[in-house]
Amino acid sequence: MTFDVKDKVVLITGAASGIGAATARLAAERGAKVIATDLDGERIQGVAADCQCIGLKHDVTSQDDWDNAITAAVHHYGRLDALVSNAGIVNYEPIIDLDMARFRRLNQVHVEGSFLGLQKAVAQMRAQAGGQPATGSIILTASVMANCAAPAISAYAVAKAAMANMARAVGVEVGRKGDMIRVNAVCPGPTRTPLLEGAMPPGAMNDPAHWTDVPLGVPQEPEDIAESILFLISEESSFMTATQMVVDGGWSLT
C-alpha cells in the first residue's frame, strides 16, 4: 500500500540527509509539494534538485528562519498541509563529560526547534482555515531513546523524550480547541543515517553480528521511517493524534 500525499504541501526540516532526505524524496515522488530545509544550505540544494522541490537554508532555532520557511510554502503553494520536524544532532558522551553548552545545543535544536515549528505551523493552519476547524498533520521525529536507555546518550534521550511528550501535549491541546490538526511523534530505532554511521566503528553498520539485539536482525533504512512519516501525513491516519509511532524492528523490546 502506498499512502496518498498527492498535492499536500509538506515542509520537512533536516532534509539534507538521512531520514529527512528520504522523506523529501519519497513525498515528492508521490506527488506532494515539498519544501525541504536544512542548516546546510549547499547540501539541501542537492536534495531539492533530486526532488524537484524547493530547498531552503533553515536554522530551526531561529524564529525568523521559521517565518521564512512557512512564508515560502504559502507563497509558492498557498497553504501548509504538513510539517515534518526532523532536524537533529547527536552527542555521544557520558553525562559527566558533557558540558552545559553542548547539552543546551541539543535541546535548542530538538526541543526549541520543534516548539517553534509547532507554534508556526499551527498558526498557519488556523489562518488558512478561514474560520473553520483547522486541518493538517505535524510529525516530530523523536527516537526510541525517548523511552529507552543506552550508554553515553542520555542528553540526546532527554531531548527526544521532550519531543515525544510535546507531540502528545500539543496534539491534545489543538484537538480540544476544536482543530483537526493531528500531532504525532515517530520514534525510529537504529537507522542507517550519517549521524549513526559516524558514531560506529568502520564496517559495523553492515556487520550482522552488530544487530543481534534487533529482532529483525538488520538496521533500518531511512526509507522505512519515511514510509511511516508519509502514513502520518496521509488521510489513512486521520484518527491518529497525540501518540508515538515506534518503528524499530522490535529493538526497544529486547
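I began with strand E4 and found both of its faces covered: Ala82 and Val84 on one side, and Leu83 and Ser85 on the other, are all buried. I take buried as under 20% relative accessible area, with exposed over 50% and partly exposed in between (1.4 Å probe, protein chains only). Strands (E, at least two residues) and helices (H or I, at least four) are DSSP runs, numbered from the N terminus.

I note that this is a predicted model, in which local features need pLDDT of at least 70, side-chain atom pairs count only at pLDDT 80 or more, and totals for chains, interfaces and linings use all residues. Residues are numbered from 1 along each chain as its sequence is written, and side-chain values use heavy atoms, without hydrogens and water.

I checked pLDDT, the predictor's confidence in each residue, from 0 to 100. The protein averages 94, and 99% of the residues score at least 70.

I then looked up the neighbours of E4; two strands pair if DSSP finds at least two bridges between them. E4 runs parallel to E5 (residues 135-141), with 4 bridges, and Ala82 stands opposite Ser137. From E4 the chain passes through helix H4 (residues 100-127) to E5 in a right-handed β-α-β crossover, that is, clockwise from first strand over helix to second, with the strands pointing away from the viewer.

E1 is also parallel to E4, through 3 bridges; Val10 is partnered with Ala82 and Leu11 with Leu83. In E1 (residues 9-12) I found Val9 and Leu11 buried on one side and Val10 and Ile12 on the other.
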